[in-house]
Amino acid sequence: MSDWRIDSRGVVEVWTIDREPRRNALTRALVEELERHVARVDAACNVRAVVLTGAGEKAFCAGADLKEREGMSRDDVRAWLVLLHRAFRSLERAAPVFLAALNGVAFGGGLELALACDLRVADPGAAMALTEVKLGIIPGGGGTQRLPRTIGAARAKELILTGRRVLAAEALATGLCNRISAPGHVVAETVELAQEIAQNAPLAVAQAKAAIVEGQELSWEAAAALEREKYDPLLDTQDRLEGLQAFREKRPPVYRGE
Ligand code: COA
């Protein structure tokens, strides 16, 4: 039985982690399935954005499944970390835009999954934390790397070293999330945001995302070269010509992703 519910809304898909009784905690099987879904939409050109959320109202995702963890050997945990890094990175590198709709708590690996997404929208009741040091471990799904890149090293150290919960208002103020939705409307509002992005030229959106993701740790010279490299293939696209023509004809462009 699948732990994901996939719902297609035109060029946007909504992926719901469907383990409400376990607060949508991440098992190995669930993360392997996530990888397969990412590979599918990365290869297809008909999905431009994906909204990730969790079943129920309490949790987006309560992190790694700590009950599955109890039965793991040290090597199993090491393999788990490799899987988690690979899956989250594949999502970060995939062409479609990923948006996390934080319908409830996002703890540990749940917040790390949200951090691998391009944008995060929080319900006013959502809470976020990297709780790992309270469990005698450290974040292992990229949290020590993506949180500082998202909110800055000083704030990230505070959150990782205390393990404390951040509520939606603080998350918005620090840039941990992009928006707060109306209560109970986080998925609908995140889908709207996804559709706004999906109206733009898809190849251009994918190249812009890649330039940002890949350029973060480069020197200015290397990053500027990367930006030119990502720009270049767009010069040959029909969508670029359509953008110019639509501007001249004072009408909205119609992009086909070619
Ligand atoms: N792994 C496995 N099971 C989990 C889980 C996790 N990470 N988080 C919650 N669950 C399970 C609980 O054990 C419980 O199952 P049970 O009734 O069989 O014992 C069920 O989900 C509901 O959890 P409960 O705590 O009763 O629900 P809640 O809505 O009051 O609180 C959380 C939800 C997520 C706030 C709370 O469960 C929690 O803090 N979990 C740990 C989160 C964490 O630290 N994750 C980081 C892992 S590195």
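Residues are numbered from 1 along each chain as its sequence is written, and side-chain values use heavy atoms, with hydrogens and water left out. In this predicted model, local features need pLDDT of at least 70 and side-chain atom pairs count only at pLDDT 80 or more, whereas totals for chains, interfaces and linings use all residues.

A pair of aromatic rings is described by the distance of the centres and the angle of the planes. Rings of Phe, Tyr and Trp (its six-membered ring) pair if their centres lie within 6.5 Å; planes under 30 degrees apart count as stacked, over 60 as edge-to-face and the rest as tilted. Two aromatic pairs are present in the structure. Strands (E, at least two residues) and helices (H or I, at least four) are DSSP runs numbered from the N terminus.

Trp 15 also pairs with Phe 98: the ring centres are 5.7 Å apart and the planes stand at 75 degrees, so this pair is edge-to-face. Because Trp 15 lies in strand 2 and Phe 98 in strand 5 (residues 97–102), the pair ties together parts that are 83 residues apart in sequence. Trp 4, Trp 15 and Phe 98 form one aromatic cluster. Trp 4 counts as buried at 5% relative accessibility, and Trp 15 is buried with a relative accessible area of 0%; Phe 98 is buried as well. Here buried means under 20% relative accessible area, exposed over 50% and partly exposed in between (1.4 Å probe, protein chains only).

In helix 5 (143–151), the buried residues are Gly 143, Arg 146, Leu 147 and Ile 151. Viewed down the axis of helix 5, they fall within an arc of 105 degrees, so they line one face of the helix; the arc is that of the directions from the helix axis to the C-beta atoms. These buried residues pack against helix 3, helix 4, helix 6 (153–162) and helix 7 (168–174), contact meaning heavy atoms within 4.5 Å. Just after helix 5, Gly 152 takes a positive phi of about 95 degrees.

Helix 11 (residues 238–248) has Asp 239, Glu 242 and Ala 246 as its buried residues. Their arc about the axis of helix 11 is within 50 degrees, so they line one face of the helix. The buried residues of helix 11 pack against helix 9 (202–215), while Leu 244, Phe 247 and Arg 248 are exposed on the other side.

The largest pocket holds about 680 Å³ of space. On a 1 Å grid over the protein atoms alone, a pocket is an open set of points with protein on both sides within 12 Å along at least five of seven lines, a cavity is a set where a 1.4 Å probe fits but cannot get out, and lining residues have an atom within 4 Å of a point. Grid points are joined across faces, edges and corners, and a volume is the space filled by probe spheres set on the points. The largest pocket is lined by 28 residues, of which Glu 92, Asp 118, Ile 212, Val 213 and Gln 216 lie nearest its centre. Helix 9 gives the most to this lining, with six residues. The largest cavity has a volume of about 30 Å³, and among its lining residues are Glu 20, Arg 23 and Lys 58.
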